[in-house]
Amino acid sequence: MTKIEATRTGLDLAPDAKVGIIAGGGSLPVEVAKALAGQGKSPFVVIVAGEVDRISDFDAYEQATLRLEDVGSLLPTLKNHHVTHLVTAGHITRRPRLSAMRLNLGLLAWVPSLLVGVTQGDDTVLKLFVRRVERSGIKVVGAHEIVPELVAAEGTLTNAAPRKSDWRDIEAAHTAAKAIGALDIGQAAVAIGGRAIALEGVEGTDGLLDRTRQLRGHGRLAGRTRGVLVKCAKPGQELRADLPSIGPQTVEAAHAAGLAGIAVEAGRSLVLEGPTVVARANALGLFVIGLPAAEPAHGD
């Protein structure tokens, strides 16, 4: 088994730096907060209302809760808490409802981004978000810069390795994932029998894998076994805001869908709860591998 590891080029923060975390769902914001606290940089956590799994995970830190519709209050809140650097971590399942927003001067600064965000994909929205925050003087940094040990390493991470037939699926799913990524649709695809059979949409990776599970009974997949999930960054993606990630739940869902393994882009993807991911994949007989990155590991 290859140990999950990454080049430890963590962020070199000034002594007076204060890091804010916009916390969505999943374990990533918790990992980022713990890492910062371990470095003596207790973070300020902005909890996105309705998205965080367990608010109690952040009890030890300064915090504020913000609805997506209150985005106009975000920058003043960060400034009031002397935040110099900002990390976005965790998944957010919806977009702000324009009808629920209260008009104020703070909101007016976000109007151009909000109007574009109504019709564009996630990466376009995140790029606009990063630009707006950095215009205010706050530096946006990636979660991978705070917890570089979560970045997927290249090579096989599990006891099981892909078979020759699995590589056909990996290549097909990788090509499909890059194609939908170029359209700012999603970051993942599933291939079975050497061709892509399902693409990630607004439902996310869990929804994609559940759909794959249901497709096992489809006549065109009759007799087809194994298959692979591939996740990779979108071409030209803003890597500081939305690196593709997998975790233990991904492994469980891939197994339930009858897949043989998971491939992610090394250096441009995160493996959350890495030891648990590897242990569970080994127990279920799945492989997890890191593919060579197709682009330099930096954002726009």
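## Ground rules

Buried means under 20% relative accessible area, exposed means over 50%, and partly exposed lies in between (1.4 Å probe, protein chains only). This is a predicted model, in which local features need pLDDT of at least 70 and side-chain atom pairs count only at pLDDT 80 or more, while totals for chains, interfaces and linings use all residues. Residues are numbered from 1 along each chain as its sequence is written, and side-chain values use heavy atoms, leaving out hydrogens and water.

## Salt bridges

Let's turn to the charged pairs. A salt bridge here is a side-chain nitrogen of Lys or Arg within 4 Å of a carboxyl oxygen of Asp or Glu, and the count comes to 12 salt bridges.

In one of them, Arg226 meets Asp166 (2.6 Å, N to O). This pair links distant parts of the chain, with Arg226 in the loop between H8 and strand E9 (228-231) and Asp166 in helix H7 (residues 164-182), 60 residues apart. Helices (H or I, at least four residues) and strands (E, at least two) are DSSP runs, numbered from the N terminus. Asp166 is buried at 1% relative accessible area, whereas Arg226 is partly exposed at 22%.

Glu62 and Lys18 also form a salt bridge (2.8 Å, N to O). Glu62 lies in strand E3 (residues 62-66) and Lys18 in the segment before strand E1 (19-23), so the pair ties together parts 44 residues apart in sequence. Lys18 counts as buried at 15% relative accessibility, while Glu62 is partly exposed at 39%.

Arg268 and Glu265 pair as well (3.3 Å, N to O), and both residues are buried. Finally, salt bridges that share partners join Glu134, Lys139 and Arg240 into one network.
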